[in-house]
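Let's take a walk through this one together. Have the sequence and the 3D view open side by side, and we'll go spot by spot.

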Amino acid sequence: MAAPKKGRRPTGAQGRPGRSLAIILIAMVALTAGMFLSKQTTPRLGIDLAGGTSITLKAKSEPGKPDAINETNMNTAVGIIERRVNGLGVSEAEVQTQGRDHIIVNIPKGTNEQQAREQVGTTAQLYFRPVLAVTEGAPAPPEASQSGSPSAAPSGSGSPSASAATPSSSATSQGRAVSEALKAPNAPSPSPSASESKKADDKATPSTSPSATSADQAAAAALQAKFAALDCTDEAQRAAVSKNIKPEDPTLACGKRGDAWYKWVLGPAQVDGKDVKDAKGQIDQQRGIWIVTMQFTDKGADKFAKITGELAAKQSPQNQFAIVLDGQVISDPSVSQALTGGNAEISGSFDQKSAMDLGNMLSYGALPLSFQEDSVTTVTAALGGEQLKAGLIAGAIGLALVVIYLLAYYRGLAFVAIISLIVSGILTYTIMVLLGKGIGFALNLPAVCGAIVAIGITADSFIVYFERIRDEIREGRTLRPAVERAWPRARRTILVSDFVSFLAAAVLFIVTVGKVQGFAFTLGLTTLLDVVVVFLFTKPVMTLLARTNFFASGHPWSGLDPKRLGAKPPLRRSRRTGSGASAATVSVPVDAKEA
Amino acid sequence: MSKLGDLGAKLYRGEVGYDFVGKRFVWYGVSILITITAIVAVAVSGLNMGIEFKGGAVFTTPKTSVTEQQAREDAEKASGHDAIVQKLGTGGLRIQISELDTAAAADVKAKLATDLKVDAAEINADLVGPSWGEQIANKAWTGLGVFMVLVVIYLAIAFEWRMAVAALIALIHDLTITVGVYALVGFEVTPGTVIGLLTILGYSLYDTVVVFDGLKEGSKDITKQTRYTYSEVANRSINGTLVRSINTTVVALLPVGALLFIGGGLLDAGMLNDISLSLFVGLAAGAYSSIFIATPLVVDLKEREPAMKALKKRVLAKRASAEARGESPEDAGSEEAPEVVAQGRSGRRR
C-alpha cells in the first residue's frame with residue numbers, strides 16, 4: 001500500500017482538485033446522458049421485484065459421462081430452452097447459464113407459467129420423421145431458380161445436419177421440385193447424390209425422384225399450399241410452424257443446412273428421442289472422418305429397422321428421414337438399406353463439433369444434458385412491488401440515519417460525506433440502469449440489500465479520512481496541511497479495506513449462484529465506486545474546502561474546530577522525515593480543555 | 001456529540017484508554033465461553049434450516065378470511081405433508097410445506113387456491129428441490145474457503161502473517177458467534193442468511209483491517225526505542241483507532257438495522273429480514289472481535305519474536321533503572337522515543 005511519502009506533500013490529485021472533480025462530473029453527466037439515450041431510466045427489475053416466474057434448473061451428471069456438463073453443452077441447452085420458451089409466445093423470457101451447472105429461466109408476469117414450466121423441463125421433443133419433400137426455405141419465387149450446389153454447403157455450426165452430403169432434390173428448380181416431390185413421384189430428378197449414408201455405405205446413390213405412397217400424397221396435398229407459402233427465413237413463421245405438432249401427423253418443418261434455411265414436408269414420427277439409447281460423435285479410424293453412431297433401445301431398434309427398410313426402397317429425397325428437434329430439422333440423412341440390430345451410423349461431412357453436437361442431442365432426447373428443477377419461484381407483481389417498496393423505504397431510512405449520525409458527529413464536514421454519498425448513489429444508479437440494458441443485470445431483492453449495506457461501506461471510508469484529518473489537527477496542524485497529510489494514510493486504509501470487501505464480493509460472485517450473485521455484484525460494484533468517489537470527489541473537495549474560511553478557521557460548526565478536537569498548540573518544530581503519526585515532541589503539555 | 005469528540009481526543013493522546021491488551025485473557029475467556037456456547041447450541045438444538053435447504057414450498061397468499069388453523073388443515077390435506085402457517089401483516093397467509101417436491105407443488109397450489117378462495121395467480125409460490133439448498137450451502141462453503149485463503153495471503157502481504165492469522169481467527173470467531181445465535185434463538189436459516197453470513201466475511205475484516213492499519217503504523221520502528229513494549233504500542237493503537245472503529249461500526253449497523261426493522265419487521269419481506277439479521281449479528285461480533293480478539297492475538301504472536309522479547313527486556317530494564325534513580329518511569333527513555341509512539345502516555349495510566 002501507499003508508502004510513506006518522502007516529500008513534504010504527497011503527489012497526486014491534491015494539487016489539482018479541479019481536474020479530479022471535472023473527471024467525475026463528466027463521468028456522471030456521461031452516464032446520465034447514456035441512461036436517457038438508451039431510453040431506460042429505471043433499473044431492470046428481477047422476478048422477485050417485478051413479479052413473474054423464475055425456474056432454476058440444474059444439470060444432472062450422468063454416470064459414465066463426467067465431462068458432459070461443460071460450457072458447450074450448457075450453451076446448447078440454453079439455446080434449446082430459449083427457443084422452447086419463446087416459442088410459447090412468451091415475450092422477453094430470459095434464459096441464462098449461471099455458475100457451472102445451472103440454468104436460470106426467468107419468465108415475466110403475464111405468461112402461461114404452467115405451460116412454460118412444462119416446456120422448460122421436458123426433454124424428449126425429438127422425432128425421426130420420413131422426409132416427403134424438401135426445398136430451400138423461402139417461398140418459391142415465380143421464376144424457377146437453380147438452387148445452387150448444395151453439396152458445397154458448409155456443415156454449419158450449431159446445426160450438425162449432415163446435409164452437406166445430402167443435396168437431395170433441390171437441384172431442380174425449387175417450385176417444381178416441391179410439386180414433383182409431392183405429386184409426380186416418377187419424374188426424374190437430377191439430384192447428384194445422397195452420399196450421406198448408413199452403415200458405412202458411403203457410396204453415392206444416384207437417385208431419381210421419390211415415389212410417394214397414397215397416404216403420403218394425401219397428407220402432402222393438404223400441406224402443399226402451406227408449404228409453398230412457408231418462409232423459413234422468417235423467425236415468426238419458423239416459430240409458428242413448429243408449434244403444437246402432434247407426432248402422429250405429417251407436418252412442415254424448417255431447418256438449417258449450413259447457413260441456409262430449408263423447409264421440409266415430413267411424415268408422421270416413426271421413432272422418438274426416447275428410443276435412442278445412446279449416441280455419440282466419434283471419429284471413424286479407418287476413414288478418418290467424423291461420424292455419429294446411434295444405439296437404439298430394443299423397441300427403438302425394431303421401429304428404426306422398419307422405417308429404414310421402408311425408406312431404403314424409395315428415391316431421394318424420400319429415402320431420407322429427418323431428425324426433428326422441437327419442430328426443427330437438425331439432420332436429414334438418407335437411407336440406402338434397412339438397418340436392423342439397433343445400431344446405426346450417420347456419416348457425412350461432419351466436423352468434430354457438429355458430430356459431437358448431434359450425438360449429444362440424440363442421446364439426451366433433446367437437450368444435451370438432463371436437468372432437474374431446483375427451484376421455482378412465482379411472485380405476483382403485487383408482492384414484488386411491496387418488497388421493492390420495503391427495500392426502498394429501508395434504504396431511505398438507513399440513509400437518513402447515517403446522515404443524521406454524520407451531521408451530529410461531523411457537523412459541517414458531514415456535508416462533504418453526504419454529497420459524496422449522493423455522487424456515489426448517482427453513479428451506482430446510472431450504472432445499474434445501463435448494465436440492465438447492456439448485460440441484462442436485473443435488480444433483485446438481495447441486490448437492493450447489497451446497495452443498502454454499501455451505504456455503510458461508503459460512509460466508512462469518509463470516516464476513516466475525516467478521523468485522520470482530525471488527528472492531524474490534534475497534532476496542531478492547520479487544516480490545509482492536515483488535509484494533505486491525512487490523505488496518504490487514509491488512502492492506504494481505505495484501499496486495503498475496500499480491497500478486502502471487493503475480494504469477498506468477487507469470491508461470492510464467482511462461486512455462488514442465483515440470489516447470492518445479485519448481492520455480491522452490487523456489493524462489488526459499490527465498493528469499486530467507493531474508491532472512485534473518495535479519490536476523485538471527496539479528497540479534491542476537501543482540498544478545496546480547506547481553502548475556505550469556514551473550514552480553515554475551524555468554525556465550531558465545521559466539525560474541524562481545533563479547540564473542540566483538543567488540538568495541541570502549534571508545533572515547535574516541523575516534522576521529522578519519514579514516519580507516521582508524528583508529534584515531534586514528547587513533553588507536550590496536555591491540553592486541559594474540558595478534560 | 002462533543003463529549004465523544006473529547007473522548008476521541010483523549011483516546012488519541014492516550015490520556016484515557018482501556019487496557020485491551022493487558023486484559024486480553026479476560027476477553028479470550030469471554031470469547032471461548034461464547035464459542036463453546038455456540039458450538040453446544042448448534043450441537044444440541046441444531047439449526048432451523050428453512051425449506052430452501054430441505055426442499056419444500058412456501059406459498060404466500062393475498063388477504064384471506066380463512067383462519068390459520070383452517071389453512072393448515074387444508075394445506076396438509078392437499079399436500080400430505082406437514083405445514084406451518086403464519087398470518088402476515090398484509091392479512092395474507094404464509095404457508096410453508098416441507099418436503100414437497102417441485103412437481104407436486106403446482107397441484108397443491110391449485111388446491112390451496114380453491115380452499116382459501118383466492119385466485120391461483122395471486123399466490124406466490126417458492127418451490128425448492130431438496131438439492132438446491134445443498135448446492136447453495138456447498139457453494140457457500142467453497143466461497144468461504146476460497147475467500148479465507150485469498151484474504152490470508154493478501155493480509156500476509158499487505159501486513160504480515162501474524163496479522164493474517166489473527167484476522168482469520170477473529171473471522172472464524174465471528175462466524176461461530178453468528179451461527180451460535182441462530183442456533184440459540186432458532187431463527188430460520190435461509191439462503192438470505194447465508195448471503196448475510198458470507199458478507200460478514202468482508203465486513204468483519206474491513207473493521208479488523210482498519211485497526212491493524214493503525215497498529216502497523218504505530219509499531220513501525222518500534223525496535224529503535226526503549227520506551228514501550230509491543231503490547232503497549234498495540235494497546236495505544238487500538239485506543240487511537242477506537243473512535244474510528246465505533247463510528248464505522250455504527251454507520252454500518254444503521255442501514256442494516258433499518259433493513260432489519262423496517263424491511264423485515266414492518267413489511268415482512270422475508271429475504272430482507274434474513275440477510276439483515278445475520279448481518280446485524282455478524283457486524284456486531286465483527287466489531288467486538290477486531291478490538292478484543294484480533295489485535296491481542298497479534299500481540300501474543302508478535303511477542304514471541306526474539307526482537308520483541310529483547311525489546312521488552314530493554315524497556316523493563318530501563319524502567320527498573322529509572323525507578324532506581326527515583327524518576328518516574330514514564331519519563332524513562334524519553335530522549336530516545338521515536339515520534340511514532342510519542343503521541344502521549346501509556347494506556348496503562350488510567
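In which helix of chain A is the place of R468(A)? Look in helix α12 of chain A, residues 445-474; helices here are DSSP runs of H or I with at least four residues, strands are runs of E with at least two, and both are numbered from the N terminus.

Before going on, a word on what you're looking at: this is a predicted model, where local features need pLDDT of at least 70, side-chain atom pairs count only at pLDDT 80 or more, and totals for chains, interfaces and linings use all residues. Residues are numbered from 1 along each chain as its sequence is written, chains are lettered from A and ligands numbered from 1 in the order in which they are written, and side-chain values use heavy atoms, with hydrogens and water left out.

Back to R468(A), which is buried at a relative accessible area of 5% (buried means under 20%, exposed over 50%, partly exposed in between, with a 1.4 Å probe and protein chains only). Setting aside residues up to four places away in sequence, R468(A) touches A486(A), R489(A) and A490(A), plus E217(B) and R244(B); contact means heavy atoms within 4.5 Å. A486(A) sits 18 residues from R468(A) in sequence, with 5.2 Å between their C-alpha atoms.

Among the residues making the contact are F499(A) and L503(A) from α13(A), and F147(B) and L150(B) from α6(B).

Over in chain B, T61(B) lies in the loop between β2 (56-60) and α4 (68-79). T61(B) is buried too, at 4% relative accessible area. Beyond neighbours within four places in sequence, T61(B) is in contact with G92(B), L93(B), I95(B), L116(B) and I123(B).

Over residues 331-350 of chain B, the pLDDT is below 50. Where pLDDT is low, the predicted coordinates should not be read in detail.

Technical notes: pLDDT is the predictor's confidence in each residue, from 0 to 100.
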